[in-house]
Amino acid sequence: MPLTIAVAQYPTQKTTSRTIQLIENLTRKSASEGVNLFVFPEAFLGGYPRTSTFGASVGVRTEAGRDEYYAYWQQAVDLGDVSPEGLGIYEAAGDGTRQRLEAVARETGVFLVVGVVEKAGGSLWCAVVFVDPRRGIVGKRRKVMPTGTERVVWGVGSQKTLKAIDVEIAGEKVVLGAAICWENYMPLLRASLYSQGVTIYLAPTADPRESWIATLQHIALEGRCFVIGCNQYVTTESLPSYVPGATLAQREMMEDDGDEIVVGESGEVVSNGGSVIFDPLGNILAGPLWGSAGLLKARIENVEEAVMKGKLDLDTAMGGHYARSDVFKLSVEGLNLASRR
């Protein structure tokens with residue numbers, strides 16, 4: 001059975017509840033169109049606070065910045081994970097986000113991959129959750145290296161969450177792995193995913209540069225895997241309301257009870273999108289999508305066949321014929337890569 005992938009290039013909505021509602025609506029519609037795997041951008045739930053400084057400079061934090069952080073913390077999600085390292089021990093109820101994601105995946109039969117800003121106590125992490133229609137959340141990645149000013153508000157995630165996920169989608173066994181945004185510029189992190197046999201490599205991001213497309217194409221060629229790049233399309237109209245650069249119209253909408261979807265049709269563009277899907281030989285299957293909100297879709301006839309054909313002349317995973325594992329060694333603290341081969 002062919003596997004159909006969809007990528008959502010929409011901005012985070014004005015509240016977390018509205019964003020979950022958007023995920024639910026898009027997933028139901030896409031399921032009716034045959035989608036099996038649906039990918040949402042980095043920090044989609046909780047929001048990516050583009051242009052924010054949170055009032056932080058060396059040696060100084062402002063009161064306005066603390067107010068901004070509190071507003072951001074309020075929009076972040078509590079998945080109920082009681083593991084200090086974020087390893088997915090869901091023994092607490094959380095705020096209901098996990099249950100809503102699992103419910104829509106179960107209802108539609110669509111496997112979801114969603115970027116979230118996760119809170120635990122007073123700390124935040126950028127993460128990606130994998131939601132299986134039958135088993136619920138089967139994995140979670142916490143970003144191991146936030147970039148630049150992201151480090152003011154996001155903690156450093158555990159390397160143990162770099163574990164790839166074995167799942168069955170549309171009757172085919174696939175291996176999912178995720179590298180979030182500029183984690184994709186970490187060569188050893190990429191190698192750790194290749195060495196776990198990843199066949200569908202997920203790259204949710206906030207990087208809207210045209211040069212990002214070349215990065216993802218390189219990864220597809222290097223890893224001989226399908227690569228899914230997913231970003232938000234954002235204008236000043238669709239920035240989170242607590243961001244100083246958000247337009248007055250968006251701030252006023254926070255007090256509105258309507259159900260409209262904010263897609264950022266006006267205002268200055270601050271993230272132009274660029275979502276894209278590549279096959280294991282670096283060919284574009286869909287996108288890049290620039291300059292608007294919307295969906296990308298790609299149909300894959302046989303994931304295993306396409307990946308293994310690509311590995312005829314290049315297999316860079318440790319133990320692979322192009323890796324020279326007799327010369328180069330790779331280990332990840334707390335993660336057994338050898339068990340994946």
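Let's start with E305, which counts as partly exposed, at 40% relative accessibility. Before going further, keep in mind that this is a predicted model. E305 has a partner: its side chain meets that of K309 in a salt bridge, at 2.9 Å from N to O. Why do these two sit about one helical turn from each other? Both belong to helix α8, which covers residues 303-310, and they are four residues apart in that helix, so about one helical turn separates them. K309 counts as exposed, with a relative accessibility of 57%, whereas E305 falls in the partly exposed class.

Elsewhere, salt bridges with shared partners link D81, E118, K140 and R142 into one network. The count for the structure comes to 20 salt bridges.

One of these bridges reaches across the sequence. R28 and E107 meet through their side chains, 2.8 Å from N to O. R28 belongs to helix α1 (residues 16-32) and E107 to helix α3 (residues 97-108), so this pair ties together parts that lie 79 residues apart in sequence. R28 itself is partly exposed, at 36% relative accessible area.

That brings us to the two helices themselves. Two packed helices are described by the angle between their axes and by the distance between those axes. For α1 and α3 the angle is about 10°, and the axes are 10 Å apart. Angles under 35 degrees count as roughly parallel, and α1 and α3 are therefore roughly parallel to each other. On the α1 side, the contact is made by S17, I20, Q21, I23, E24, T27, R28 and A31. On the α3 side, T97, R100, L101, V104, E107 and T108 take part.

S30 counts as buried, with a relative accessibility of 1%. Setting aside neighbours within four places in sequence, S30 is in contact with V35, F38 and L295.

Now for the inside. The largest nonpolar core has 47 residues, and the members that touch the most others are L176 and I200. Which strand gives the most to this core? That is β6 (residues 123-132), with four residues. Beyond its neighbours within four places in sequence, I200 has contacts that include L3, L37, V174, F226 and V303. There is also a second, separate core of 27 residues, with L193, V227, F278 and A317 among its members.

L193 turns up again in helix α5, as one of its buried residues. Six of the eight residues of α5 (residues 187-194) are buried, so the rest of the structure largely encloses this helix. The buried residues are L189, R190, A191, S192, L193 and Y194. They pack against β9 (172-178), β10 (200-204) and α6 (211-223).

Next stop is W73, in helix α2 (residues 63-75). W73 is partly exposed, at 24% relative accessible area. Not counting residues up to four places away in sequence, W73 touches K119, G121, G122 and L124. In the sequence W73 and A120 are 47 residues apart, while their C-alpha atoms are 9.8 Å apart in space.

Finally, a few backbone details. Most residues other than glycine have a negative phi, and most peptide bonds are trans. R224 is not a glycine, yet its phi is positive, at about 50°. R224 sits in the loop between α6 and β11 (226-230) and is buried, at 8% relative accessible area. R324, also not a glycine, has a positive phi of about 50°. R324 is found in the segment after α8 and counts as partly exposed, at 46% relative accessibility. As for the peptide bonds, the one joining G287 and P288 is cis, with an omega of about -5°. P288 belongs to strand β14 (residues 284-290).

Notes: Residues are numbered from 1 along each chain as its sequence is written. This is a predicted model: local features need pLDDT of at least 70, side-chain atom pairs count only at pLDDT 80 or more; totals for chains, interfaces and linings use all residues. Side-chain values use heavy atoms; hydrogens and water are left out. A salt bridge is a side-chain nitrogen of Lys or Arg within 4 Å of a carboxyl oxygen of Asp or Glu. Buried means under 20% relative accessible area, exposed over 50%, partly exposed in between (1.4 Å probe, protein chains only). Axes are lines fitted to C-alpha atoms, for helices over the stretch in contact, and angles run from 0 to 180 degrees between N-to-C directions. Angles under 35 degrees count as roughly parallel, over 145 as roughly antiparallel, 65 to 115 as roughly perpendicular and the rest as oblique. Contact means heavy atoms within 4.5 Å. A nonpolar core is a set of buried Ala, Val, Leu, Ile, Met, Phe, Trp, Tyr and Cys residues joined through side-chain atoms within 4.5 Å.
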